[in-house]
Amino acid sequence: MANTDNVEKIIKDLSVNYKDNDRYVLEGILEEVSSIASDISNRKKDDEKLFPYIKKAVKAEYLARGAEGLTSRSEGSISSSFEDIIDKLRNNIIKSGLRRIK
């Protein structure tokens with residue numbers, strides 16, 4: 001189960017972009033991203049050094065829901081680009097030296 005404190009931190013960061021009934025969705029995304037980050041880094045899922053990267057990826061996944069498969073989107077004068085969030089997570093963990101070699 002996702003750490004309640006970490007879920008609260010992410011909800012606070014999302015601010016008005018968080019929908020009140022989405023806690024279960026957010027917990028699921030956090031659990032999935034934490035598991036992937038743990039696999040990439042060979043660290044425990046609750047390792048605090050990973051949390052800043054996990055939080056950023058969870059927020060990006062949460063905000064990109066419904067836009068899977070899109071590479072870009074324009075609405076009015078607003079243009080958004082979607083990148084592979086998990087690939088970016090992997091690169092950030094490795095470049096930050098958080099990956100442990102088994």
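Reply:
**Salt bridges and their surroundings**

E8, R23 and E27 are joined in a network of salt bridges. A salt bridge here is a side-chain nitrogen of Lys or Arg within 4 Å of a carboxyl oxygen of Asp or Glu.

First, the ground rules. This is a predicted model, where local features need pLDDT of at least 70, side-chain atom pairs count only at pLDDT 80 or more, and totals for chains, interfaces and linings use all residues. Residues are numbered from 1 along each chain as its sequence is written, and side-chain values use heavy atoms, with hydrogens and water left out.

Now the network. R23 pairs with E27, and their closest N and O atoms are 3.2 Å apart. Both residues lie in helix α2, 4 residues apart, about one turn of the helix. Helices are DSSP runs (H or I, at least four residues), numbered from the N terminus. R23 is partly exposed, at 25% relative accessible area. E27 is buried, at 14%. Buried means under 20% relative accessible area, exposed over 50%, and partly exposed in between (1.4 Å probe, protein chains only).

The structure holds 7 salt bridges. One of them joins K55 to D13, with the closest N and O atoms 3.0 Å apart. This pair links distant parts of the chain: K55 sits in helix α3 and D13 in helix α1, 42 residues apart. K55 is partly exposed, with a relative accessible area of 22%. D13 is partly exposed too, at 38%.

Another salt bridge joins D47 to R43, with the closest N and O atoms 3.1 Å apart. D47 is buried, at 17% relative accessible area. R43 is buried as well, at 10%.

Next, the surroundings. K55 is also a neighbour of I10. Leaving out residues up to four places away in sequence, I10 touches L26, L30, F51, K55, V58 and K59. Contact means heavy atoms within 4.5 Å.

I10 belongs to the largest nonpolar core, which has 23 residues. Such a core is a set of buried Ala, Val, Leu, Ile, Met, Phe, Trp, Tyr and Cys residues joined through side-chain atoms within 4.5 Å. I10, L26, V33, I54, V58, L89 and I93 touch the most other members. Helices α1 (4-14), α2 (23-41), α3 (51-64) and α4 (85-95) each supply at least two residues of this core.
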